[in-house]
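Please open the model in your viewer and keep the selection tool at hand.

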Amino acid sequence: MKVLVADDHAIVRQGLGQLLLSQSDVDVVGTAEDGQEALEKAQSLRPDVTVLDISMPRLNGLEAARLIKEAVPDTEIVILSIHDEEGLVHEAFASGALGYVLKAGPNSDVIQAVRAAHRGEYFLSSKISAEVIHSYTESGGETATSLESDREIPKSLGYDLLSRRERQVFRLVVEGNPTSRIADDLGVSCKTIEKHRNSIRKKLGIHDLVGLVKYAIKIGIIDIDLWKH
């Protein structure tokens, strides 16, 4: 099978590539260091399976998964993450992924996930309960993301309601960029960015920057260690 690997850390990317190439039935046809590059390479290389880190620049793994499935429906997706929250796993499935693997898990999980995805089957890292898949499929794919361990955000307020442009703005906001820089980066006016920011706050039900950052960390949009630096 042809596999594309995307991770913004070169060591992880290379390690995954070598691990997969050690399997006689796997050919790593390309690598990418961010979600946008993963989308472009998926369109050109048309891999059987794309492995996506969940926290990447430009497009994160969830965003890239959605766009890849739209552009190349035959490509199956496996998500890599440091997070084991059930809500985030549901978000990954809703994005079109069939596999969700924890980076702290054994190497065999990645190999099994890729093979399962190629067969069109769900796979969860061995440290996550299989009940997550059951609850997701039984609920018809509805998602709910936990912001705190004892509080859930309703699906109607979830990240999945944000438009593609709002997701771009959201990422740039939680990364600490001022409105003027975001406007310059996206080639629009500051007034337009403020409209997007207001829409994001309403859809997520979060009205302060600290809350937005916590939410972004929780669902894997940004890495907490990178944000601290």
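In soluble globular proteins, nonpolar side chains tend to be buried together.

Which residues does Phe 170 touch, leaving aside those up to four places away in sequence? They are Tyr 159, Leu 162, Ile 200, Leu 204, Leu 212, Tyr 215, Ala 216 and Ile 221.

Now select helix α7, residues 164–174. Eight of its 11 residues are buried, so the helix is largely enclosed by the rest of the structure. The buried residues are Glu 166, Arg 167, Val 169, Phe 170, Arg 171, Leu 172, Val 173 and Val 174. Just after α7, select Gly 176, where phi is positive, at about 95 degrees.

**The sheet**

Display the strands next. Six of them form an open sheet with parallel pairing, in the order β2-β1-β3-β4-β5-β6. At the edges stand β2 and β6 (123–124); each has a single partner strand, so one side of each is left without a neighbour in the sheet.

Select β1 (residues 2–6) and β2 (residues 27–32), two parallel strands joined by five bridges. Within this pair, Ala 6 has Ala 32 in β2 as its bridge partner. To follow the chain from β1 to β2, trace it through helix α1 (residues 10–21); this β-α-β crossover is right-handed.

Move to β3 (residues 49–53) and β4 (residues 76–81), which also run parallel and are linked by five bridges. Here Val 51 is found opposite Val 78 in β4.

**Confidence**

Finally, colour the model by pLDDT. The protein averages 81, and 83% of the residues score at least 70. Among the elements, β1 has the highest mean pLDDT (95) and strand β7 (residues 145–148) the lowest (32). Select residues 141–157: the pLDDT there is below 50, although the stretch has 37 contacts in the model beyond near neighbours in sequence. Where pLDDT is low, the predicted coordinates should not be read in detail.

How values were computed. Residues numbered from 1 in each chain as written. Predicted model: local features only at pLDDT ≥ 70, side-chain atom pairs only at ≥ 80, totals over all residues. Heavy atoms only, no water. Pairing = 2+ DSSP bridges. Helix = DSSP H or I, 4+ residues; strand = E, 2+ residues; numbered from the N terminus. Right-handed = clockwise from strand over helix to strand, strands pointing away. pLDDT = per-residue confidence, 0-100. Contact = heavy atoms within 4.5 Å. Buried < 20%, exposed > 50% of the residue type's maximum accessible area, 1.4 Å probe, protein only.
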